[in-house]
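Trainee: I have just opened this model and would like to learn how to read it. Could you take me through it, one feature at a time?

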Amino acid sequence: MAMEKKFYLTTPIFYPNANLHLGHAYTTTLADSIARFHRLRGDATYLLTGSDENTQKVVEAAAKANVSPEAFLDTVVGNFRELFSKLDISYDQFIRTSDKVVHWPGAVLLWERLVEAGDIYKKKYQGLYCVGHEAFLTEKDLVEGKCPDHGTKPEFITEENYFFRLSKYTPVIKEKIERGELLILPMSRKNEILSLLSEGLEDVSFSRPRKAGTLGIPVPGDDSQVMYVWCDALSNYITALGFGREDDTLFRTFWPADLHIVGKDILRFHAAIWPGMLLSAGIPLPRALLVHGFITSGGKKMSKTLGNVIDPLELLAEYGTDPVRYYLLRHISPFEDSDLTQSAFRDAYNGELANGLGNLVSRVMKMATTHLEGPVALIESDHLFEDAVAVHIERYEINKALDLIFEHVGKGDEYVQSSEPFKRIKSSDDAVRAAAKEDIEKLVHHIYKIGVHLEPFIPSAALAIKRAVESHTMPPSLFPRKE
Ligand code: MSP
């Protein structure tokens, strides 16, 4: 018997110190479209997302807002879920790393496994610590004594921490990446990480002293320390599946992950530290990492000071779910940095959705409902996904998959223009009328197929197109023009 295929994919877990911007929305929408594609193919699919809660940033943001960290987290995480629901993200689980029942036991078990492997040791550590990064920086990283990303002066601190012997795993990680057993996409990111690995990895600080108010998971056997982000956050990908809990069916079914989707800034964590931890614990490595670039706005990194932050909620309120998904998936590259401005968004909306897809569907259904007696008889091939589109999706070239689908929108338009069935159907010649009718039927099949192909990307519009064809009715106006 053929085994059912499984597909487990994850987004990063998001810091809930502030609301999510469009960059975060991108990662999640990309993941969702891939998950939907696999579900449509009949794969047992599991999409995980969540929030990275045990951080100093949250403590500070909560203090600023004058509420407890717990209350602060509940509000922000509520906002995350609301955003994801507005974006139609079909996640199977939302993990919160503050969850002592779901997350903590697995993080503890993972730590213990690393201890058993002899890979955890204590060491005094001195360095410049940036709260914004939650990481130690080197002098080289600083600009005029300040962290260039946060504009703040790092604190010089001395700590005694636990360390993880990452250095030991450098050769194996390198080999697995070179051989493609751990696939890193795109190639440029694979090369970037391989060059880092050829310099050798240093051991990493794996815990922090617990101070009053520190959030986080106590180090097993040493309450004076809490786990640092590596074991606390990266572990979410397995704890969510029940690793370390009594019922670990999901873990046994879905691990290893088929795909971790991450932004370029967290490549090193996922391509070096995480594989090192898994190797030490004797857990199989994930199969692939898809590393996307950043969304810039007007050529610049989105920042509050520059005033160019694009709030996904505003776009959603103005245009609705599918147009936002459409833009992110078609016009943002899954591999490189891409720019988004309000005016580019509007142009794409009007040109490609309102005048393109929406117009074609409404023209075709207008002709169909006026001139055909009933719904066209759908055939098996109407439901089939074209190989060329599927191949792009399998390579995570989501933008190219959409380019191809929209070529079909263009072809449909050209066909309406050149063959003018709406004119020929009025002919007094029976043969001309019959041929025009056939053309209209062909066009109805054509838009149905477009609907089928659009399902992973813009699910509501795709469904509306399919329903219109099946029920032989005009669809509601899909994308009204915006002035
Ligand atoms: N909590 C860590 C990830 C831990 S995963 C075990 C984190 N959180 S984050 O909220 O800062 O970022 C989450 C994701 O959003 C990252 O993949 C990051 O690359 C992505 N983005 C943040 N800004 C972005 C853009 N402007 N554009 C595209 N993605 C961006 O990092």
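Mentor: Let's start with Phe479, which lies in the segment after helix 18 (459-471). Helices (H or I, at least four residues) and strands (E, at least two) are DSSP runs, numbered from the N terminus. Before we go on, a note on the source: this is a predicted model, in which local features need pLDDT of at least 70 and side-chain atom pairs count only at pLDDT 80 or more, while totals for chains, interfaces and linings use all residues. Residues are numbered from 1 along each chain as its sequence is written, and side-chain values use heavy atoms, with hydrogens and water left out.

Trainee: Is Phe479 buried or exposed?

Mentor: Buried means under 20% relative accessible area, exposed over 50%, and partly exposed in between (1.4 Å probe, protein chains only). Phe479 has 6% relative accessibility, so it counts as buried. The C-alpha atoms of Phe479 and Ile217 are separated by 48 Å, and the two residues are 262 apart along the chain.

Trainee: What is the phi of His472, and where is its place?

Mentor: His472 has a positive phi of about 55° although it is not a glycine. Its place is also given as the segment after helix 18, and His472 is buried, with a relative accessible area of 14%. Asp88 has a positive phi too, of about 60°, and is not a glycine. Asp88 lies in the loop between helix 3 (69-86) and strand 3 (93-96), and at 26% relative accessibility it counts as partly exposed.

Trainee: Which residues come nearest to the ligand?

Mentor: A residue is near a molecule if one of its heavy atoms lies within 4 Å of it. Of the 22 residues around the ligand, Ile13, Asp52, Gly263, Asp265 and Ile295 come nearest.

Trainee: And how should I read the polar contacts there?

Mentor: A polar contact is a pair of N or O atoms within 3.5 Å; within protein, one must be able to donate a hydrogen and the other to accept it, and residues adjacent in sequence count only if both atoms are side-chain atoms. A polar side-chain atom of Asp265 lies 2.5 Å from an oxygen atom of the ligand. For Gly263, a backbone N or O atom is 2.9 Å from an oxygen atom of the ligand. A polar backbone atom of Ile295 is 2.8 Å from a nitrogen atom of the ligand.

Trainee: How much of the ligand does the protein cover?

Mentor: Accessible areas come from the Shrake-Rupley method with a 1.4 Å probe; for residues, only the protein chains shown count as cover. On its own the ligand has 670 Å² of accessible area, and the protein covers 91% of that.

Trainee: How do I read a sheet?

Mentor: Strands of a sheet pair through backbone hydrogen bonds, either parallel or antiparallel. Two strands pair if DSSP finds at least two bridges between them. Here, four strands form an open sheet in the order 5-4-6-8, with antiparallel pairing. Strand 5 (135-137) and strand 8 (204-205) stand at the edges, each with a single partner strand, so one side of each is left without a neighbour in the sheet. Strand 4 (residues 120-130) and strand 6 (residues 155-164) are joined by 10 bridges, and Leu128 stands opposite Phe156 in strand 6.

Trainee: Which strands are in the open sheet of three?

Mentor: Its order is 15-14-16, with mixed pairing. Strand 14 (residues 295-297) and strand 16 run parallel and are joined by two bridges. Thr296 has Asp339 as its bridge partner in strand 16.

Trainee: What about salt bridges?

Mentor: Side chains of opposite charge can pair when their charged atoms come close. A salt bridge is a side-chain nitrogen of Lys or Arg within 4 Å of a carboxyl oxygen of Asp or Glu. A search of the whole structure finds 32 of them. In one, the closest N and O atoms of Arg36 and Asp32 are 2.8 Å apart. Both residues lie in helix 1, four residues apart, about one turn of the helix, and both are buried.

Trainee: Which parts does the pair of Asp439 and Arg424 tie together?

Mentor: Their side chains meet in a salt bridge (3.0 Å, N to O). Asp439 lies in helix 17 (residues 430-454) and Arg424 in helix 16 (residues 421-424), so the pair ties together parts that are 15 residues apart in sequence.
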